[in-house]
Amino acid sequence: MKRLASLLVMSIFLLSLGKAKAQQTNDAKMKVFIDALMKKMTLEEKIGQLNLPGSGDIVTGQAKSSDIGRKIREGKVGGLFNIKSVAKIKDVQRVAVEESRLKIPLIFGMDVIHGYETVFPIPLGLSCSWDMEAVKRSAQIAAKESSADGICWTFSPMVDICRDPRWGRIAEGVGEDPYLGYRISKAMVQGYQGDLSRNDNIMSCVKHYALYGAAEAGRDYNTTDMSYPRMFNDYMLPYKGGVEAGAGSVMASFNDVNGIPATANKFLMTDVLRKQWGFKGFVVTDYTGINEMVAHGMGDLKQVSALALKAGIDMDMVGEGFLTTLQQSLKEGKITTQDIDKACRLILEAKYKLGLFDNPYKYCDENRAKTEVYSAANRAEARKIAADCFVLLKNQNNVLPLQKKGTIALIGPLADNKENMPGTWAVAARFDQAISVLQGLKETVGNKVNILHARGSNLDADSLFEERAGMFGKSLHRDSRPASELIAEAVNIANQSDVVVATLGESAEMTGESSSRSNLDIPEAQKELLKALLKTGKPVVLVLFTGRPLTIKWENDNVPAILNVWFGGSEAGYAISDVLFGDVNPSGKLTTTWPQNVGQIPLYYAHKTTGRPLGTWFEKFRSNYLDVSNDPVYPFGYGLSYTQFSYSDVKLSASTLKGNQTLTASVTVTNKGNTTGKEVVQLYIRDVVGANTRPVKELKGFEKTELKPGESKPITFTITPADLKYYHTDMTYDWESGEFEIMIGGNSRDVKMAKVNWNK
Ligand code: BGC
């Protein structure tokens, strides 16, 4: 047995040695190839590689590049983004490799953020699955589909930690926790990239580096200013995770970070990303990120372009500041040829690693596009994953699951709206084929359940708000009838039904980029409808669409059942039906704290105690509010199931430890109900006494496990001193001796705790 084990260790060692050797040989070959190519390149052609215009196919910002064909012929384009279809991509690539002097292929990027044509739940929803295999699979499928359609590079994962749900882009991220974000970031990068020598994987881009999710007041593109310990303890880990997983590129964020826009921030782009983390890929700006530094007040376009290059930016998205000013800056000595060479080399390396020099049409196989995009198998996977992301927030008297009989009143402005289902950042979605809630219900249970439907209200009473929220393409189909008439119609069908399913909340366009909100309530018109439905006395299930934590204290107090379905993607309508009728037992858990009101923001579980912590609200001269307690409506990690789980006490392998020893912490989790269910078991640690003040708890591990009725399972976590380290105010990264609380539970609030003394 021992010999077998050592043989195994030996062969793993030899295998990794072999891999490392092969990598070295590849790197050497790549260097020879690129050295030779760069010798032939003019300065203009080198700068051309740093230019990334948008195709105009899918516009996500304001600017478009003109006359792209000519520029490609002149070697002034390194890649194109948001161009869709093999035919178009092939055409453009042909110009690059046949009609430009050096025949350098282009890279084609796209915002493949939560799926391609098959759309998965918005990333915030996906994070609530806590299922890293599912997260990875969604990225693999997105890579498979987009690469079949000619794309070789995605601007994902977006891993900005956010603790302010006013920010619309919280929908695109990984939630509030750095450790969970780190795990998700790794899983996504692995899912997209896998083995890049294949033609069904694509290069990823970790974004938006850095701190974009900390925009002041939750207003998009706004300033961030933060201490280094907070930055590195709470915000940086997810970006680092993506880099560790081998992400081929990183995107600079729009925002100002401690006084210097990220796009010109040498500390971020060079000192941390390259020198500390060893990042080997290239850095692209966000959309016109360089040009926007003029408005930031950093100088004219020539000045800010030079600043960006000097800081460590390699590719300029859309704005063409590099293309139009770098030659002049070189003449003036503001930048060096080495600066340009370094950026150019990194972009050529990316093309080399993607295999585009060997075959520029590697991703242009029409047959793949026909069979692999939006396939039945991919859609089935999207349905399954969506159902696992929904979070059951309340289920009084087991209103859910619904019975497959009787009459249901399906009500709400979001019930019969296909366009709304895929959610923000679904640029390649087939909106006309997405499954609405009405369609999902009809097709899954329509033969057993009588489904009545009424709109009930518009999205919001304020039509101007609706117009702003729906500006970018998708109409919200406003009903011109007076609110009272819409409500009366809905109440009428509610009265004829056994149960009311009210699909309310945000529209997809109220979430995502440039969709910050200062009021996080369900819009008033919908709330009025909900109140009228509750008055009928029928059991009401609120199916909540949202891209962010909403302030739904009133709803939590008054509505018997609430199922949060985020925006679940192409198959969401089916997935919603699967969960409502109990074919799938919900298992999603929140990855953000849900505040009672906007005034509590930022509200997050890993807060510090302060010198005057609150016992119970209200106490004078304690850290609290006069008008609201410090509690959230739902804590981080929270989510119900159709079954119930119980936790044993936490058992530790030791109560005192020394140095680099390892601690194991275990609980036994039992399914006490009658339904098989999945539980996300969460490990939190508190450093009771530190050299710096420490959070009340921090997530350090989790495991999602399925349990049959009555089944018990031991769940064990291994903890080492690495889990206790943190960045101190002097930026040393270490831990210190003392007492630690080890907590395990089904959410961040309800945990069992045991103490350990750990000394260096
Ligand atoms: C967004 C990025 C996106 C880019 C390209 C920008 O507005 O901030 O997340 O990748 O557009 O579409």
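Reply: The questions below concern the domains, their interface and the cavities of a predicted model.

Me: What makes domain 1 and domain 2 two domains, and where do they lie in the chain?

Reply: Domain 1 covers 386-600 and domain 2 covers 645-759. The bounds come from an automatic or database domain assignment, so the division rests on that assignment. The centres of domain 1 and domain 2, taken over C-alpha atoms, are 36 Å apart.

Me: How many residues of domain 1 and domain 2 are in contact?

Reply: Four residues of domain 1 are in contact with nine residues of domain 2. Contact here requires heavy atoms within 4.5 Å. Between them, the two domains bury about 490 Å², with 38% of this on carbon and sulfur atoms. On the side of domain 1, Asn585, Ser587 and Lys589 supply 84% of the area buried against domain 2, more than any other three residues.

Me: Why is the pairing of Asp388 and Lys678 called a salt bridge?

Reply: The N to O distance between the side chains of Asp388 and Lys678 is 3.0 Å. The cut-off is 4 Å between a side-chain nitrogen of Lys or Arg and a carboxyl oxygen of Asp or Glu, so the pair qualifies. Across the interface of domain 1 and domain 2, the rule finds two salt bridges.

Me: How many residue pairs are in polar contact between domain 1 and domain 2?

Reply: Five residue pairs are counted, with both residues at pLDDT 80 or more. The residues on the side of domain 1 that touches domain 2 comprise two polar, two charged and no nonpolar.

Me: What is known of the cavities, and which residues lie nearest the centre of the largest cavity?

Reply: The count is six cavities of 30 Å³ or more. The largest cavity, at about 120 Å³, is lined by 21 residues, with Ile113, Pro123, Leu126, Ile184 and Met188 nearest its centre.

Conventions: Residues numbered from 1 in each chain as written. Predicted model: local features only at pLDDT ≥ 70, side-chain atom pairs only at ≥ 80, totals over all residues. Heavy atoms only, no water. Buried area = accessible area lost by both parts, 1.4 Å probe. Polar contact = N/O pair within 3.5 Å; in protein donor to acceptor, adjacent residues only side chain to side chain. Nonpolar A, V, L, I, M, F, W, Y, C, P; charged D, E, K, R; others polar. 1 Å grid on protein atoms, 1.4 Å probe; cavity = no way out; pocket = protein on both sides within 12 Å on 5 of 7 lines; lining within 4 Å. Points joined across faces, edges and corners; volume = space filled by probe spheres on them.
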